[in-house]
Amino acid sequence: MSGTKFTLVFYFLFILLIQVNGQNLRLSSPSGNITLSISNSDQIFYTLAYKGKNVIATSRLGFTLSKPVVSLTKFSILRVDSSTYDETWTPVWGEVSQIRNRYKEIALTTKSSEDIIVKIIFRVFDDGLGFRYEFPEQPTFKHFIVSDELTQFIVTGDHKAFWIPGDYDSNEYPYNTTSLSEIDAIKASSAEPDIAVKSPIGPDAVQTPLMMKSQEGLYINIHEAALINYPAMNLVLDKKSFTFTSHLVPDAVGNKAYLQTPYKTPWRTILVSDKATEILSSKLILNLNDPSKIDDTSWIKPQKFVGMWWEMHVGKANWDLASNKHGANTENVKKYLDFASHFGFDGVLVEGWNQGWEDWFGNWKEDVFDFITPYPDYDINALTAYAKEKNVRLIMHHETSGSVTNYERWMDKAYQFMIDHDINTVKTGYVGKIIPRGEHHDGQWMINHYNRVIEKSASYKILVDAHEPVRPTGLHRTYPNFLACEAARGSEFNNAPANGITPEHTTILPFTRMIGGPMDFTPGLFRFKLNQFEATRKTEVRTTLAKQLALFITLYSPLQMAADLPENYEKHLDAFCQTPVSLDQFFL
């Protein structure tokens with residue numbers, strides 16, 4: 001990494017500017033395309049413009065706390081610092097080999113009417129804005145509980161929006177394309193019966209990343225960066241004024257966050273451009289995350305894999321042993337290892353390998369899996385040796401069934417078990433209601449859990465692919481072992497009987513969910529009628545072979561799965577590989 005930070009402190013200049021202009025501040029991006037304006041008359045407001053066009057109208061900032069019981073909405077500015085920053089850094093992996101991080105910053109040190117010091121940091125990039133709140137150490141304010149965050153994003157019209165319902169537990173909805181005034185999140189949630197756990201917020205609530213297009217042709221994306229020790233942010237829309245207000249995911253007793261000074265909130269991010277492609281190419285969210293905390297990253301490698309997974313979704317096999325259709329047996333997995341080795345794949349995912357699948361879902365049961373005990377027909381020692389012989393690695397699956405307290409107790413033993421069997425990649429899963437009971441998938445407790453998994457797995461040199469987690473916010477810069485996650489409606493929903501996946505869904509994902517990080521979408525389905533093993537099935541994949549191949553490029557991920565069954569690839573080997581061969585040797 002190389003770069004230089006230039007800090008220019010203009011205390012006198014800014015104090016003069018505040019006195020002359022009625023406490024108004026203005027800062028432009030390095031190119032001058034984006035202009036941030038800040039005003040203070042008891043409350044702090046900000047506005048944002050792009051090439052002279054308003055993007056965010058005058059919007060307020062603030063909090064309400066339940067401990068102490070105060071409303072942090074009225075502030076006086078004690079100090080204004082300004083700095084510029086310009087560096088170029090090298091990611092461990094990604095679409096590009098170097099990333100430029102260039103912005104101008106204003107840091108406001110404010111004092112609330114309750115004498116609480118709050119810093120508000122604004123960073124203006126050429127492609128958008130990031131801002132966050134900081135609570136420094138102070139003698140009379142240490143522990144506090146957030147009741148609500150009051151951050152507003154007031155847009156300038158009835159924009160076209162690409163959205164999914166605001167929800168505390170699921171981001172697996174199909175995307176809707178409507179004007180802002182037509183958003184009906186409860187209707188959209190009710191139309192989706194195939195999501196395991198839903199907790200919709202209300203009719204006017206949507207999730208981030210939220211993508212919009214204005215009538216003037218501006219593309220606007222609202223999200224967050226560096227989500228650490230804080231709940232995820234949804235947005236609630238006032239349709240009369242087109243005001244979005246942040247809505248944080250609560251815990252089991254209704255509080256949003258338990259914090260202690262010093263503390264920095266996640267960044268609130270606004271991307272804007274008159275070109276949609278520039279939204280896709282933005283690295284603003286990555287740049288707002290801290291550099292890698294992993295010193296030696298030589299063990300972190302992108303990979304492509306196949307797996308014992310789609311068999312269960314199409315009825316060929318099952319996860320549990322008692323069904324008499326157990327797919328994760330030694331001989332079957334050996335066939336996948338043969339296939340992976342022959343066609344140059346790095347790994348084989350195996351789901352259903354461990355005991356506990358007989359009653360894993362729907363019981364809100366705490367002790368479900370121990371993550372180290374295979375079913376008797378799964379010889380993990382023999383398969384470890386066989387995988388090594390084939391120059392392929394097994395990929396571990398840790399489904400928690402939402403019982404996160406149980407997983408936390410087993411994590412060290414589970415990761416050591418992986419190392420003992422030469423497995424360096426884990427796919428985690430959180431299907432079901434969360435334990436601790438009453439917590440949500442996207443609340444502060446679970447955010448801390450997801451981050452503990454990433455940190456602890458890094459200490460074991462394990463790569464992570466998280467399913468059913470919160471949507472990503474660029475933390476793969478700080479922890480590059482966090483290769484990918486699902487956190488959206490992925491390819492498995494092609495088998496969902498009600499709605500499946502619409503053709504436009506995968507054209508929207510890059511502008512929404514994937515703004516925060518790579519997705520394990522699991523593309524590569526080559527058979528579209530899903531009645532291969534159960535003749536009565538009516539579900540079909542609404543796609544083409546060309547589109548399935550294109551998804552490997554358009555839905556970027558350093559961790560890519562060829563999701564279909566090996567026997568289904570045999571009919572299209574000209575598309576699957578450069579040198580077509582018969583697969584009879586693998587699946588007789």
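The tour goes from a sheet to a hairpin, then to a helix pair and the nonpolar cores.

**Before you start**

This is a predicted model, in which local features need pLDDT of at least 70, side-chain atom pairs count only at pLDDT 80 or more, and totals for chains, interfaces and linings use all residues. Residues are numbered from 1 along each chain as its sequence is written, and side-chain values use heavy atoms, with hydrogens and water left out.

**Stop 1: the open sheet**

Select the strands in the order S2-S3-S4-S5-S13-S20-S19-S16. They make an open sheet of 8 strands with antiparallel pairing. Strands here are DSSP runs (E, at least two residues), and helices are runs of H or I with at least four, numbered from the N terminus. Two strands pair if DSSP finds at least two bridges between them. Now look at the edges: S2 (24-28) and S16 (205-207) each pair on one side only. From one strand to the next, the twist averages 25 degrees.

Next, select 233-238 and 243-248, which are S19 and S20. They pair in the antiparallel sense over 6 bridges. Opposite Val-236 stands Thr-245 in S20.

**Stop 2: Gln-152**

Go to S13, residues 152-155, and pick Gln-152. Is Gln-152 buried or exposed? Its relative accessible area is 15%, so Gln-152 counts as buried; the cut-offs are under 20% for buried, over 50% for exposed and partly exposed in between, with a 1.4 Å probe and protein chains only. Show its contacts (heavy atoms within 4.5 Å). Beyond neighbours within four places in sequence, Gln-152 touches Tyr-46, Ser-59, Arg-60, Thr-243, Phe-244 and Thr-245.

**Stop 3**

Select 219-225, strand S18. 7 of its 7 residues are buried, so S18 is largely enclosed by the rest of the structure. Tyr-219, Asn-221, His-223 and Ala-225 point one way; Ile-220, Ile-222 and Glu-224 point the other way.

Leu-210 stands opposite Ile-222. The two strands form a hairpin with 5 residues between them, and Gly-217 in the turn has a positive phi of about 90 degrees.

Thr-269 is the bridge partner of His-223.

**Stop 4: two helices**

Select H8 (404-420) and H9 (444-459). How do H8 and H9 lie to each other? Their axes come within 11 Å and cross at roughly 5 degrees. H8 and H9 are therefore roughly parallel. Axes are lines fitted to C-alpha atoms, for helices over the stretch in contact, with angles from 0 to 180 degrees between N-to-C directions; under 35 degrees counts as roughly parallel. Among the residues in contact are Met-411 and Tyr-415 of H8, and Trp-445 and Val-453 of H9.

**Stop 5: the nonpolar cores**

A nonpolar core is a set of buried Ala, Val, Leu, Ile, Met, Phe, Trp, Tyr and Cys residues joined through side-chain atoms within 4.5 Å. The largest has 144 residues. Select Tyr-46, Phe-122, Phe-153, Phe-244 and Phe-576, which have the most contacts inside that core. H8 gives the largest share, 7 residues. Finish at a second, separate core of 32 residues, which includes Ile-121, Phe-125, Ala-225 and Ile-285.

Methods:
Angles under 35 degrees count as roughly parallel, over 145 as roughly antiparallel, 65 to 115 as roughly perpendicular and the rest as oblique.
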